[in-house]
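Have the viewer open as you read.

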Amino acid sequence: MGCRFPLLARLAALGLAAVSTARADDGLNLNDFGGVGLLQTPSARFADEGTFGGGLSSIKPYNQIQIFATPLPWLEAVFRYTDVIDRPYGPESFSGFQSYKDRSFGFKLRLVEESALWPQLAIGIQDFGGTGVFGGEYLVASRRWYDWDFSFGLGWGRLGEGGDLRNPLTQIAGRFDRDRTGTGTSTSTPGGSGVGRLFTGGTIGPFGGVQWRTPIDGLRLQLEYDGNDYSNERGTGSSVRQRIPVNIGADYAVSDGIHLGLGYERGERLSFRLSLRTNLETGRGPVKVLDPLPPAILTRAPESLGSPAPEAVAPAELQALTGRLATALSQQSFALSAFDLQPAGRAATIWLEQQRFRSATRVAGRAVRSATGVLPPWVDRITVVGIDGGVETWRITINRREFEKFGQFRGSPEEIRRTADLDPVQPDPGTADVQGLIKLPTWSWDTGPGFRQQIGGPDGFYFGQLLWRLTGDVRPTEHLTFSAALSFNLLNNFDDITLESNSQLPRVRSDIVDYLQQGQQAVSRLETNYIWSPASGVYARLSAGLFEDMYGGVAGELLWRPHFQRWAVGLDANVVQQRDYAVRFNFRDYRVATGHLNLYYDFPWYGLKAKLSAGRYLARDWGSTIEVAREFRSGATLGVFATFTDVPAKVFGEGSFDKGFFLNLPFDLVFPRSTRRSVNFLFRPLTRDGGQKVRDGIDLYNATDAGNGGRIVSDWADVVR
């Protein structure tokens, strides 16, 4: 697994953001497993929609790192990485003296929301699709009474080991009566799914407790009955003693984003918890004090309204208007690309490029503000066109009079929207009066520290590299760009990785260790991209070069994104060759052609987006990938993916199929200025060879996403900001 920044650095960044908020008690305690609950047990409570963060917990013999999120108001998801300190990872000849590590994923669904008559009810799975070491399922109810919050649940597996109640599901099907450690119920064998063990076992057990909000601001106390029988810790090999099944604890909210917890569990052990959290839905980052102020809206004199338009605009006047408009737009960090006046239609069209604002409506509004002080009074309608990568991505036409009314405190964004047009994009400026206003070639560069990492494995828990990156882009024409990225090693411990890949497939990704060890001074990327639009809503790309650390070649992509539709369809194809381990200019012998048909859909609820890809992957396997993501109002995106191909699970190896989650965080969540730049974080529990794609140039869907119709409508209030 690799990512640009290490996990702990990201958690620290969230912590810094949390420290900046005032202290408050949100009433939600994260338990030892990273989900909302008491200490060892879950509750039916959920964090606020959009909550995201990380946590640490420790109670001997288990230490955990957790990532948790509430992407939907009724869904909680937790990823855990557990260190079992009293169990070896494997034979000393295989893993030395390293302790056992376990990855697990859990989720919780709200079934019933609390009301005057009903408690809140939720169902959950504690360890899904993993080894099952901490496997348990539950049904739990929570009820609040003044400052007291009571929870009671029934647990299967680890959560109910201490009980002797008959599993009611055995009355439905005999398969629920089998031993959870029986054949087909464990995923410790590569190729297993673990679905067969869910809600199985002849007996279940109760658990529950209460949380009290004390008069001390931010402090809550917990008391719980733990339903686990620690003498039966399946799969851990740990010697765990439980004197009494009662745990007590305290949680203190240092701020909105930092919680500390202490507990006394099993009648003999102290526990510790730390959680850092933020909200991706409501968070907007610091005040953008470094942004330019919105230009004043200059209104036309009443007697000039309806003044006749000339039959044509004199070249000298057009040149002067263009110069003044370019100057006004540059004060907003906008670059004027083309300009057209249509006297017959009493209209003007402005094509511009910018990298400051993510919101297209904000860009359109500020461009119109700038234009009101420049355009002649006979112009009644102003069209602003956004250009990205040399192609149009959105068009917004605004009635100048309605905008002026807002400037006189007699209008509103809704009234501006009523007379505005959201027009289809066009292939190019066509017959615009003035074109090619951006002086080419242009170039940019950036430099700064970066990280690469490998988490987990028999050689050690964490391997990382601190490096220095140098990136640059050159744009010789409107549609053509060259980009490069160089990496220089500063410090790493990759030489300590000794385990070799045991993959039965072509080693398209699993030999990552060789790249980490030998490619420490690397030409990470050296590519060219040519992007154009052959028709309205149709985009095309040709790419060539060194696409990533492991592959280079040639590629192409075609995307059809119909105007204001929720769906889009694309096709990508490439021929790539595996790069040499030194990550310079040499190649290895492995060459492959891959390609996928991609279907995109934006759901009308919660900002949910889905992508389905079907085609050929790097190991020459055929299959499909499904991605589901939530885009929050802050601009952050959190999603999960899974890939299923014709590679049998036992051939694929541990994990059975490729899966993981990803997070995209806009930089303006932490910077005091707006920017369209962002950082991506991708996490795979395991790096295997099945179901692997190659990064082969600029992704057209993301490159044109500024024209997302749903986002333009939802962000319409930005038109006056």
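## Salt bridges

Let's begin with aspartate 149, which makes a salt bridge with arginine 144, their closest N and O atoms lying 3.7 Å apart. (The rule for a salt bridge: a side-chain nitrogen of Lys or Arg within 4 Å of a carboxyl oxygen of Asp or Glu.) Aspartate 149 counts as buried because its relative accessibility is 7%, while arginine 144, at 41%, is partly exposed. Those labels work like this: buried is under 20% relative accessible area, exposed is over 50%, and partly exposed is in between, with a 1.4 Å probe and protein chains only.

Before going further, a note on where this comes from: it's a predicted model, where local features need pLDDT of at least 70 and side-chain atom pairs count only at pLDDT 80 or more, while totals for chains, interfaces and linings use all residues. Residues are numbered from 1 along each chain as its sequence is written, and side-chain values use heavy atoms, leaving out hydrogens and water.

## Pairs across the sequence

The salt-bridge count comes to 41. One of them joins glutamate 114 to arginine 143, with the closest N and O atoms 4.0 Å apart. Glutamate 114 sits in the loop between strand E4 (99–112) and strand E5 (120–125), and arginine 143 in strand E6 (residues 136–145), so this pair ties together parts 29 residues apart in sequence. (Helices, H or I with at least four residues, and strands, E with at least two, are DSSP runs numbered from the N terminus.) Glutamate 114 is partly exposed at 25% relative accessibility, and arginine 143 is partly exposed at 30%.

Then there's arginine 684 with aspartate 658, whose closest N and O atoms are 2.9 Å apart. This pair links distant parts of the chain, 26 residues apart: arginine 684 is in the loop between strand E31 (678–683) and helix H9 (700–703), and aspartate 658 is in strand E30 (residues 658–666). Elsewhere, shared partners join Arg300, Arg346, Asp380, Arg400, Arg401 and Glu404 into one salt-bridge network.

## Rings

How many aromatic pairs does the structure hold? There are 22. Here rings of Phe, Tyr and Trp (its six-membered ring) pair if their centres lie within 6.5 Å; planes under 30 degrees apart are stacked, over 60 edge-to-face, and the rest tilted. Tryptophan 560 and tryptophan 567 are an edge-to-face pair, 5.1 Å centre to centre with 90° between the planes. Tryptophan 560 is partly exposed at 40% relative accessibility, and tryptophan 567 is partly exposed at 34%.

Phenylalanine 603 and tryptophan 605 have ring centres 5.8 Å apart and planes at 20°, so they count as stacked. Phenylalanine 603 is partly exposed at 29%, whereas tryptophan 605 is exposed at 51%. Ring pairs also gather Phe79, Phe661, Phe681 and Phe683 into a cluster.

## Nonpolar patch

On the surface, Trp443, Trp445, Leu466, Trp468, Leu470, Val474, Phe482, Phe488, Leu490 and Leu491 make up a nonpolar patch with about 1,000 Å² of accessible area together. (Patches take residues with over 30% relative accessible area and no salt bridge, joining like charges within 9 Å and nonpolar side chains, Val, Leu, Ile, Met, Phe, Trp and Tyr, within 5 Å; accessible areas come from the Shrake-Rupley method with a 1.4 Å probe, and for residues only the protein chains shown count as cover.) Strands E19 (442–455), E20 (462–475) and E21 (480–492) each supply at least two of its residues. Leucine 470 lies in strand E20 and is partly exposed at 34% relative accessibility.
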